[in-house]
Amino acid sequence: MYRHLKITLMLLPALAVLGGLFLGGLFLGLMRSFNYMPVIGLTRPSMDAYLAIFSDREFYRSFLLSIHISFTSTLISCVLAVGAALLLRRLHLGRTVITFLFQLNLTVPHLVGAIGILYLFSQSGVFARLAAEMDLISRPAEFPALVFDPYAIGIILQYVWKEVPFIGVIVLANMQTMGHDYEAVARSLGATRWQGFRYVLLPLIWPGLLSASVIVFAFAFGAYEIPALLGAHYPAALPVLAHRKYTDVDLAARPEAMALAIVIAVLSAVMLAIYIRISRRRNGC
Amino acid sequence: MTRVVLDQLCKTYSGAHGAAVSQLDLTLDSGTMTALLGPSGCGKTTTMKMIAGLLDPTGGDIRFDDRSILRDAPEARGAVMVFQDHLLFPYLTVAGNVGFGLKMRSVAPDEIAHRVGEMLEKVQLPGLGQRMPGALSGGQQRRVALARALIIKPDVLLLDEPLSNLDAHLRMDMRDLIRSLQAETGITTLVVTHDQEDAVVLADRVALMLDGQLRQVGPPRMFFRRPVDEATARFFGGRNFIPGTCRCGVFDCALGPLQLPQGARTGPGRVTFRPEALRLAASGNGRNTVRATVTEITYLGTQTRLRLMSNGTEVEALVPPTDADGLKHGAQTLIHLPVPALWVID
Amino acid sequence: MIGGDGIWARWFRTLTCLFLLVWLSLPMVPLAIWSFAHGWFFPDILPQEWTLEAWRHALSDKSGVLDALWLTVGIALAATALSILIGVPAGRALGMHRFRGKAVVEIMIMAPIIVPGIAVVLGLHSVFIWMGLTNTVSGVILVHLIPTLPYVILVMAGVFANHDPAFEAQARSLGASAFQTFRCVTLPAILPGIIVGALFAFLVSWSQYILTLIIGGGRVATLPLVLFNFATSGRNDLTGAIGMLYILPGLLILLITARQLSGCAGAVGGLGRV
């Protein structure tokens, strides 16, 4: 009895804060999305906001864009991160330097990375200037649109820049705790280098890789400032669209913004479920 | 059947002081089991990894049936290594683990299933194929690792500490299993171990390695009766080393003149004999019998350890407990050193 | 390392390594150059003129950059302190005890790491309005707890999972009071973990954008908000200078903790959302 009381007291403040702020925020968002708020006199819940967004072409284009951004950047980041980790674990001198750079990169806020990408890839950016220097283009407009573009290339470049180190560090740590012995066993049993990677190393790092990917995917799907800075005006990424509707002068758009927030929350809840499944399985229970 | 020759094999790790393995010459005769014995860190696992192709030697050569295999990739050597911590792939079932090598060779799934079943019977784990490795006991995991290696019918089997961390009972079973499987398959086998008892029981020949160098190679009993030096004798439990001089088959030392067996070296040296070879004598007129004072008696269960002092020289003996029943601290007794048990080293 | 590597493999590795080095540091280069540039127009590869003007302006009183810097530091420090205060006991409960409903509590704590801020903050805004917390620094501090607290709890749960309560029992049996035990036995053992958790919490709060924007209503102008405004208004030189200022704490923290961080994947997860 005493033990239970103690545990409850230790957890209570944390649960109060997270429950109040996090769950409270979600719950209120849900209520507002149904335009239901008895406190301010809205007593009749309605589906209008959802009907409005689900019948709007812009929503679908934004949704697909956001899925495209998070899927593509997660996939590219994973492939490059595994490649980089494979490379790094075999290096001796270079490893310290690059591992430091990886970690340095982890501390740089996304916003700064996004500005850097903007200055590199915009039509008057560093690469456009280099192209002009090599007489490939004569005016900025001739440089391909890599930022503010409909394919979200700039946004994806930023996520890849930022997430390769994140996934890479996790995968590298995974590989290091595992050592070379499992692969050595496989080689000894007759696996080629490629088979050793495909049938032994990859399955061993898979859970870590997958859970890192889930975090990256969910983040890329829900982040606001990067698509706000690097994205095209139309279609805008889902979080940008939600923010735009929320700050619309027309207050009627607010429930729609809430409905968009709920769509984002639902998708990330799916991600959360996947993440928990993976970590359960990894812990063997 | 493959004969393995290690020729002047060397390995120095980058950044390390001294060689891990230096100028190792060793031949594993076709179809035999050899134990590479030594304390941890003596270079025995390094040697094994070089044979398996998991480490590159810095010098020397490795030949399988007179063909150098140094340029062959590990998967092409026909030598398979079973690691000390068995390293079963945790994401595969027992059957998946055992069939791994066959899968890498693109054997048909039906054929794999069939041979895995057979192999599991051989290692006395029938019907456990669908378990995950984590659900097995330590001894069972060892046997799965052994099955995983044997199923691909290697030319050379390399076992790294196959008996470490097993309790006494499982250890006996595992020893018997390894011996019978080796006898049945006739695969040239190298066992790395730090335990002299395992080496002696398992192997046809023992190679003792200390500090990266081979000290002595030969049949197990050689190491007890005819050690080449003090380090070798001590590794096998030798305790008594008494300096003196050998002339005409008689060794002069603090214990008096001792008769030596044929073939013992002459000149200055040390006489050595195993503690369990020493006998307590009833009368004082036999050869090699000396008078001694008991300084310490320790009951060890199956034996009693005695420390004795004779002419200022300490001698250690292990005797049957019943022989030591009447002895007390400070008692006088006669000890007998049988001639065949004596040997002279540097 | 298995088998020998050919000369080509080594060349390939070196080249890829160099490419990684360049790629990782590349986006910071134009920011740094802009902060010292005086008019850097297309198609110049480098600025015609170098100047400290942007830095002078950014560090002067009238630009408001320094105010934003101190405000951001203050908010991050407060959010960190609160997270530690609340997170350490929760981490202990999760790391050292088994109890019914533990799985639910764990999900509850994992959730804010996965669920994006925008999904929560729009709903929260209306309550904060009602409570008078919008457009205030305390409101922003409170909302920063959503992302910072889970990291502190996770780090501390990991620390406590490796903490042996037998040390505390030993101290008590040697005559220490409950408080003395905490001060002289528990605290020294978990202090490194607290420091790492605090540094993460600081960085996570330091990099928040959308939570601050919505709850602060634009009135609580932290450094990322100021940076975003300059970046979208085309003041590239000032943006460069503020950007450099903005990555400074992360750099310092990394230099302090480089040793603890290496090979600590769980902890690194904390930086994923920075």
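Just after helix H7 of chain A, Gly179(A) adopts a positive phi of about 75 degrees. Helices (H or I, at least four residues) and strands (E, at least two) are here DSSP runs, numbered from the N terminus. The model is predicted, so that local features need pLDDT of at least 70 and side-chain atom pairs count only at pLDDT 80 or more, while totals for chains, interfaces and linings use all residues. Residues are numbered from 1 along each chain as its sequence is written, chains are lettered from A and ligands numbered from 1 in the order in which they are written, and side-chain values use heavy atoms, with hydrogens and water left out.

Of the 26 residues of H7(A), 22 are buried, so the helix is mostly covered; buried means under 20% relative accessible area, exposed over 50%, and partly exposed in between (1.4 Å probe, protein chains only).

Chain A as a whole contains 12 helices and zero strands. Its C-alpha atoms fill a box of roughly 75 × 70 × 30 Å along the principal axes. Buried residues account for 59% of its 285 residues. Among the contacts of chain A with a separation of 6 or more, 72% involve residues 24 or more positions apart, a contact being heavy atoms within 4.5 Å. Carbon and sulfur atoms hold 68% of its accessible surface of about 12,200 Å²; such areas come from the Shrake-Rupley method with a 1.4 Å probe, and for residues only the protein chains shown count as cover.

Two loops of chain A can be examined individually. Ala223(A) occupies the loop between helix H9 (193-222) and helix H10 (225-230), and it counts as buried because its relative accessibility is 7%. Leaving aside neighbours within four places in sequence, Ala223(A) is in contact with Tyr159(A) and Pro239(A). Its C-alpha atom is separated by 13 Å from that of Ser73(A), 150 residues apart along the chain. Pro235(A), in turn, is placed in the loop between H10 and helix H11 (238-246), and the peptide bond that joins Tyr234(A) to Pro235(A) is cis, with omega near -10 degrees. Most residues other than glycine have a negative phi, and most peptide bonds are trans.

Chain C has 13 helices and two strands, and its C-alpha atoms fill a box of roughly 75 × 70 × 35 Å. Of its 274 residues, 56% are buried. A cis peptide bond occurs here from Phe42(C) to Pro43(C), with omega near 0 degrees; Pro43(C) lies in the loop between strand S1 (37-38) and strand S2 (49-50). Ser205(C) belongs to helix H9 (residues 178-206) of chain C and is buried because its relative accessible area is 2%. Not counting residues up to four places away in sequence, Ser205(C) touches Ile75(C), Ala76(C), Ala79(C), His144(C) and Thr148(C).

Chain B contains nine helices and 20 strands. Its C-alpha trace spans about 75 × 45 × 35 Å along the principal axes, and 51% of its 346 residues count as buried. Its accessible surface is about 15,600 Å², with 49% belonging to carbon and sulfur atoms. Asp66(B) lies in the loop between strand S4 (59-64) and strand S5 (67-68) and is exposed, with a relative accessible area of 60%. Lys153(B) is found in the loop between helix H5 (138-150) and strand S7 (156-160) and is likewise exposed, with a relative accessible area of 63%.
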